[in-house]
Amino acid sequence: MSAPFPVVYQPDLVGSMLSTQLGQDTGAPVITAYYRATGAVLQQVEDAQFDFLTGMLFEQATGAALDWWGAVVNQPRLGMPDSDYRRMIGAKILVDTCNGTPDAVRKIVVAIAETEAVWTVTLSGGLYAVCYEFDSMTPKFRRAILRAMDAVRIMG
């Protein structure tokens, strides 16, 4: 998921304000102080706005913003740190839009396990299995994968 708008950060609004001074005002201490103060206030607003916008983007969200994303897709945190929780939210989005094909299920496992060591095996009778290799899997992480796989349904 990417931002639908370009996020451009202005790091020096004080300097930008000072550069807009008219020529006759550049040496006036009161007007220069006014421009500096206005630039400083605008910089605080810019910093807060940038933090808010980037904090709400899924890729950069942490803490409460990530909990908000989890609530949107109905994915409980289950005590996971932000990095694991972000992966599980991404996987939940894939689960909710899954069409039940082997490739779609494979993408879910890749998203959860963050490994490309995932393959599908076609069994008899139209059944298939998605297999994966993962070096260090905690019990909580294993339960999260099982919950995600249990929630996969064919769309339609």
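## A buried strand residue

Val118 lies in strand E1. Strands (E, at least two residues) and helices (H or I, at least four) are DSSP runs, numbered from the N terminus. Val118 counts as buried, because its relative accessibility is 5%. Buried means under 20% relative accessible area, exposed means over 50%, and partly exposed is in between (1.4 Å probe, protein chains only). Val118 and Arg106 are twelve residues apart along the chain, and their C-alpha atoms are separated by 6.7 Å.

This is a predicted model, in which local features need pLDDT of at least 70 and side-chain atom pairs count only at pLDDT 80 or more, while totals for chains, interfaces and linings use all residues. Residues are numbered from 1 along each chain as its sequence is written, and side-chain values use heavy atoms, with hydrogens and water left out.

## A nonpolar surface patch

Trp119, Val121, Leu123 and Leu127 make a nonpolar patch of about 360 Å². Patches are made of residues with over 30% relative accessible area and no salt bridge; nonpolar side chains (Val, Leu, Ile, Met, Phe, Trp, Tyr) are joined within 5 Å, and like charges within 9 Å. Accessible areas come from the Shrake-Rupley method with a 1.4 Å probe; for residues, only the protein chains shown count as cover.

Where is Leu127 placed? Leu127 is in the loop between strand E1 (118–122) and strand E2 (128–132). Leu127 has a relative accessible area of 54%, so it is exposed.

## Salt bridges within helices

How many salt bridges does the structure hold? There are five. A salt bridge is a side-chain nitrogen of Lys or Arg within 4 Å of a carboxyl oxygen of Asp or Glu.

One of them joins the side chains of Lys92 and Asp96, at 2.9 Å from N to O. Both residues lie in helix H4, four residues apart, about one turn of the helix. Lys92 counts as buried because its relative accessibility is 18%. Asp96 is partly exposed, with a relative accessible area of 43%.

Another salt bridge joins Lys107 and Asp103, at 3.7 Å from N to O. This pair lies in helix H5 (residues 102–113), again four residues apart and about one turn of the helix. Lys107 is partly exposed at 45% relative accessible area. Asp103 is partly exposed at 43%.

## Positive phi in the loop

Two residues of the loop between H3 and H4 deserve a look. Asn74 is not a glycine, although it has a positive phi of about 60°. It is placed in the loop between H3 and H4. At 59% relative accessibility, Asn74 counts as exposed.

Leu78 is found in the loop between H3 and H4. Phi of Leu78 is near 55°, a positive value in a residue other than glycine. Leu78 is partly exposed, with a relative accessible area of 34%.

## How two helices pack

Two packed helices are described by the angle between their axes and the distance between the axes. H5 and helix H6 (residues 139–151) pack at an angle of about 155°, with their axes 11 Å apart. Therefore H5 is roughly antiparallel to H6. Axes are lines fitted to C-alpha atoms, for helices over the stretch in contact, and angles run from 0 to 180 degrees between N-to-C directions. Angles under 35 degrees count as roughly parallel, over 145 as roughly antiparallel, 65 to 115 as roughly perpendicular, and the rest as oblique.

H5 passes H6 in a right-handed crossing. A crossing is right-handed if the near helix is turned clockwise from the far one by less than a right angle, and left-handed if anticlockwise.

## A buried methionine

Met88 is placed in helix H4. Its relative accessibility is 2%, so Met88 counts as buried. Met88 and Ala111 are 23 residues apart in sequence. In space, they are 7.7 Å apart, C-alpha to C-alpha.
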